[in-house]
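Subject: Structure handover

Hello,

Here is the structure I promised to pass on. My notes on it follow below.

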Amino acid sequence: MKKLVLTLAALSTSVAFADHHHNYNNGNNGGFTNTQTVNYSGGFQGGSQGTNMTVKQALSARDDSMVTLVGRITQQIGNDDYLFTDGTGAIKIEIKHRLWNGLTVTPDDKLRIYGKVDNDLMEPWDRTEVEVISIEKVQ
């Protein structure tokens, strides 16, 4: 008798549960259908992308300053290291492979780079470089 009562209780609960969820399908054969259009574009806009400056200014900028430079990469000098120039000077920049995002550039391409100045006084050559955060071609 106990088995019969438990079986009936389980069946009535599962039938009620199945009927309760039937209305969420809206007659579609699939699962969840979103009828609302959501526009996912872009990210944060506004704020500062670092101070626009020349390479000459970046060479004397404070450590950890955020800068934006416009110029060209003239040569690769290491695995992630490049020589960048804008006509006022040349500075070493570091671009991690993941930042390229399929972008291909030549020394003829004008670029805008955004990054952080690194005045590494521990290096034997006491050199300033920019650790690039983003890179893009400009017209």
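Start with the order of elements: from the N terminus, the protein chain runs α-β-α-β-β-β-β-β. That makes two helices and six strands. Please keep in mind that this is a predicted model.

Some overall figures. The protein chain has 139 residues, and 27% of them are buried. Its accessible surface comes to about 10400 Å². Carbon and sulfur atoms account for 53% of that surface. I also looked at contacts between residues at least 6 apart in sequence: 54% of these join residues at least 24 apart.

Strand pairing next. Strand E6 covers residues 127–137 and pairs with E4 in the parallel sense, over three bridges. Glutamate 94 stands opposite glutamate 131 in E6. E6 also pairs with E5, and here the strands run antiparallel, joined by ten bridges. Valine 117 has valine 130 in E6 as its bridge partner.

Now the core. The largest nonpolar core holds 20 residues. Leu69, Ile73, Phe84, Ile91, Ile93, Ile95 and Ile135 have the most contacts inside it. At least two residues of this core come from each of helix H2 (55–59), strand E2 (66–76), E3, E4, E5 and E6. As background, nonpolar side chains in soluble globular proteins tend to be buried together.

Isoleucine 93 deserves a look of its own. Which residues does isoleucine 93 touch, leaving out those up to four places away in sequence? The list is Ile73, Asp80, Asp81, Tyr82, Phe84, Ile113, Val130 and Val132. Two of the core residues named above, Ile73 and Phe84, are among the residues with the most contacts inside the core.

Last, the aromatic rings. How many aromatic pairs does a search of the whole structure find? The search gives one. Tyrosine 82 and tryptophan 100 form this pair, and the geometry is edge-to-face. The rings sit 5.7 Å apart, centre to centre, with 75° between the planes. Tyrosine 82 belongs to strand E3 (residues 81–85), while tryptophan 100 lies in the loop between strand E4 (90–94) and strand E5 (111–120), so the pair ties together parts that are 18 residues apart in sequence. Are these two residues, tyrosine 82 and tryptophan 100, buried or exposed? Both are buried.

Best wishes

Key: Residues are numbered from 1 along each chain as its sequence is written. This is a predicted model: local features need pLDDT of at least 70, side-chain atom pairs count only at pLDDT 80 or more; totals for chains, interfaces and linings use all residues. Side-chain values use heavy atoms; hydrogens and water are left out. Helices (H or I, at least four residues) and strands (E, at least two) are DSSP runs, numbered from the N terminus. Buried means under 20% relative accessible area, exposed over 50%, partly exposed in between (1.4 Å probe, protein chains only). Contact means heavy atoms within 4.5 Å. Accessible areas come from the Shrake-Rupley method with a 1.4 Å probe; for residues, only the protein chains shown count as cover. Rings of Phe, Tyr and Trp (its six-membered ring) pair if their centres lie within 6.5 Å; planes under 30 degrees apart count as stacked, over 60 as edge-to-face and the rest as tilted. Two strands pair if DSSP finds at least two bridges between them. A nonpolar core is a set of buried Ala, Val, Leu, Ile, Met, Phe, Trp, Tyr and Cys residues joined through side-chain atoms within 4.5 Å.
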